[in-house]
Amino acid sequence: MRRLIRGALGAVLVVLAVSGCSQRHYDERGKADAPVAGRAGEDSPAEVYNFPDGFGNVATKCVGDGRRGYATTKSVRQEDEDDVVVLPAHAVIVDDSECRAP
């Protein structure tokens, strides 16, 4: 009987822990990705270059035929226990002949 109770409590704890990471949590705070019509957007990962604390990181990827996008973070601020604010600095798109459309 004790095993059953421990197992049930363990399952409840796992469900509670995972539910805090839901998409809804980020949507409600305006931190989720922007919606893409027909969910047909290109979603491959970007290359991220991490700089030491206190400096903005850089992310880059091809964003179209002959185009590369760069984005940086200006700063990260802790609002409360579970809410972090990332302030973007700049997003730039430049010509890159190595970027080809899929």
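## Salt bridges

Asp 95 and Arg 67 form a salt bridge, with their closest N and O atoms 2.2 Å apart. The term salt bridge denotes a side-chain nitrogen of Lys or Arg within 4 Å of a carboxyl oxygen of Asp or Glu. Asp 95 belongs to strand E4 and Arg 67 to strand E3, so this pair ties together parts that are 28 residues apart in sequence. Helices (H or I, at least four residues) and strands (E, at least two) are DSSP runs, numbered from the N terminus. Asp 95 counts as exposed at 63% relative accessibility, whereas Arg 67, at 39%, counts as partly exposed. In these terms, buried means under 20% relative accessible area, exposed means over 50%, and partly exposed lies in between (1.4 Å probe, protein chains only).

The structure is a predicted model, in which local features need pLDDT of at least 70 and side-chain atom pairs count only at pLDDT 80 or more, while totals for chains, interfaces and linings use all residues. Residues are numbered from 1 along each chain as its sequence is written, and side-chain values use heavy atoms, with hydrogens and water left out.

How many salt bridges does a search of the whole structure find? The search finds three. One of them joins the side chains of Arg 100 and Asp 65 (3.8 Å, N to O). Arg 100 lies in the segment after E4 and Asp 65 in the loop between E2 and E3, so the pair ties together parts that are 35 residues apart in sequence. Both Arg 100 and Asp 65 are exposed. As a general principle, side chains of opposite charge can pair when their charged atoms come close.

## Arg 68 and its surroundings

A salt bridge also links Asp 96 with Arg 68, the closest N and O atoms being 2.7 Å apart. Asp 96 is in the segment after E4 and Arg 68 in strand E3, so the pair ties together parts that are 28 residues apart in sequence. Is Asp 96 buried or exposed? Asp 96 is buried, with a relative accessible area of 16%. Arg 68 likewise counts as buried, at 13% relative accessibility.

The side chain of Arg 68 makes a polar contact with the side chain of Thr 60 (3.1 Å). A polar contact is a pair of N or O atoms within 3.5 Å; within protein, one must be able to donate a hydrogen and the other to accept it, and residues adjacent in sequence count only if both atoms are side-chain atoms. Leaving aside residues up to four places away in sequence, Arg 68 touches several others, including Glu 47, Lys 61, Val 92 and Cys 99. Contact here means heavy atoms within 4.5 Å.

## The loop position of Ser 44

Ser 44 is located in the loop between helix H2 (23-28) and strand E1 (47-49). With a relative accessible area of 34%, Ser 44 is partly exposed. Ser 44 and Lys 61 are 17 residues apart in sequence, and their C-alpha atoms are 8.5 Å apart in space.

## The second largest pocket

The second largest pocket is lined by 16 residues, and Ala 59, Gly 69, Tyr 70, Ala 71 and Ala 91 lie nearest its centre. Strands E2 (58-64), E3 (67-80) and E4 (83-95) are the elements that give two or more residues to this lining. On a 1 Å grid over the protein atoms alone, a pocket is an open set of points where a 1.4 Å probe fits, with protein on both sides within 12 Å along at least five of seven lines; lining residues have an atom within 4 Å of a point.
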